[in-house]
Amino acid sequence: MDQIREDDNQENWMSLLPEKLWDIPLTNLAIPGSHDAMSYCLDINSPLLRSESDTFRLLDGVFYCFTRPFIYRWATTQVINIVEQLQAGIRYFDLRIARKQYDTSSELYFTHIIYTHATVIETLETVNSWLESHPKEIVILACRNFEGMSDELHEGFIYALKNIFRSKLCPMNETLLTLRSLWASGFQVVLSYEDRTHHKELWPAIPYIWANKPNAEELIQYIECQQQLGRPKSFFVAGLNLTTDRCFIASNPQESLKTLTKKNWNRVQEWLKEQKPGAEPPCLNIIAGDFIGLLPICSLVISLNKKLL
């Protein structure tokens, strides 16, 4: 499957929404999200995360040439870079951040089993530059995991975040989260930070519905069960990402996360078209997926907002 060219207007989709939607809270809009947004630039030669099991570490050490291609194929969830994701319409980014073990610098990287080539600060500066040229687009950055980070590193990183985004940061006590009010205030960044909410610029962790299932039917069944329980009042994410275990990976050597996702896409797409945003219990808010640009997730999610008119 070739990369699908989505509507060029999606890079400005928020500013192009009908005026009737400008006063609906962002928590009630349908917002496209990127699961493990930075995994397009994983460094196949980087160490495993410290949180991986000792058994897996041993296997990786002994059978490095065998394990690394598998890790790369199953840990890569995105194929286009962060600016291309923004251009495609992504407005929620799942960012898993860590410091490399034994690294003498204070540099931070993104992670998914292994580390990325891209560094965190440089990437977020790129996001800020994009926002400068798209003043009516709002992004939600979910920073989490933080493996290997000390309190000192956290505070240094938070200082850097404030310095990068400055007046674009929407404070947590902002009560009116509509497009109209955010545009008037100049706020463009909702910054979720997993465990440091004593800073007024930082929002708490955003709940993520993770099915942890290997196929579309089980994924949909899990999300629908969660929908029946009602939705949070604030932001929340429904993850369309599939997950397999290591037994499946070992017994299906020709598969990858990309091939598995593509095989299940038609059923996921049918289900997605039937969903709607809003404040009612079964409604969805942020909908995150894998392989943005390869699959037309953004256009489908953005189009759900028409159901609010």
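Colleague: Is E201 buried or exposed?

Modeller: E201 is buried, at 15% relative accessible area. Buried means under 20%, exposed means over 50%, and partly exposed is in between (1.4 Å probe, protein chains only). Keep in mind that this is a predicted model: local features need pLDDT of at least 70, side-chain atom pairs count only at pLDDT 80 or more, and totals for chains, interfaces and linings use all residues. Residues are numbered from 1 along each chain as its sequence is written, and side-chain values use heavy atoms, with hydrogens and water left out.

Colleague: Which residue does E201 form a salt bridge with?

Modeller: K162, with the closest N and O atoms 3.4 Å apart. A salt bridge here is a side-chain nitrogen of Lys or Arg within 4 Å of a carboxyl oxygen of Asp or Glu. E201 sits in the loop between strand 6 (189-193) and strand 7 (202-203), and K162 is in helix 5, 39 residues apart. Helices (H or I, at least four residues) and strands (E, at least two) are DSSP runs, numbered from the N terminus. K162 is partly exposed, at 28%.

Colleague: How many salt bridges does the count come to?

Modeller: The count is 13. One of them joins R180 and D23, with N and O 2.8 Å apart.

Colleague: Where do R180 and D23 lie?

Modeller: R180 is in helix 6 (residues 179-185) and D23 is in the segment before strand 1 (31-34), so the pair ties together parts 157 residues apart in sequence. R180 is partly exposed at 33%. D23 is partly exposed too, at 45%.

Colleague: New topic. How much space lies in the largest pocket?

Modeller: About 980 Å³. That volume is the space filled by probe spheres set on grid points, which are joined across faces, edges and corners. A pocket, on a 1 Å grid over the protein atoms alone, is an open set of points where a 1.4 Å probe fits, with protein on both sides within 12 Å along at least five of seven lines; lining residues have an atom within 4 Å of a point.

Colleague: What lines the pocket?

Modeller: There are 32 lining residues, and W74, I113, T244, R246 and I249 lie nearest the centre. Helix 2 gives the largest share, five residues.

Colleague: And where is F63 found?

Modeller: In the loop between helix 1 and helix 2 (64-75). F63 is partly exposed, with a relative accessible area of 46%.
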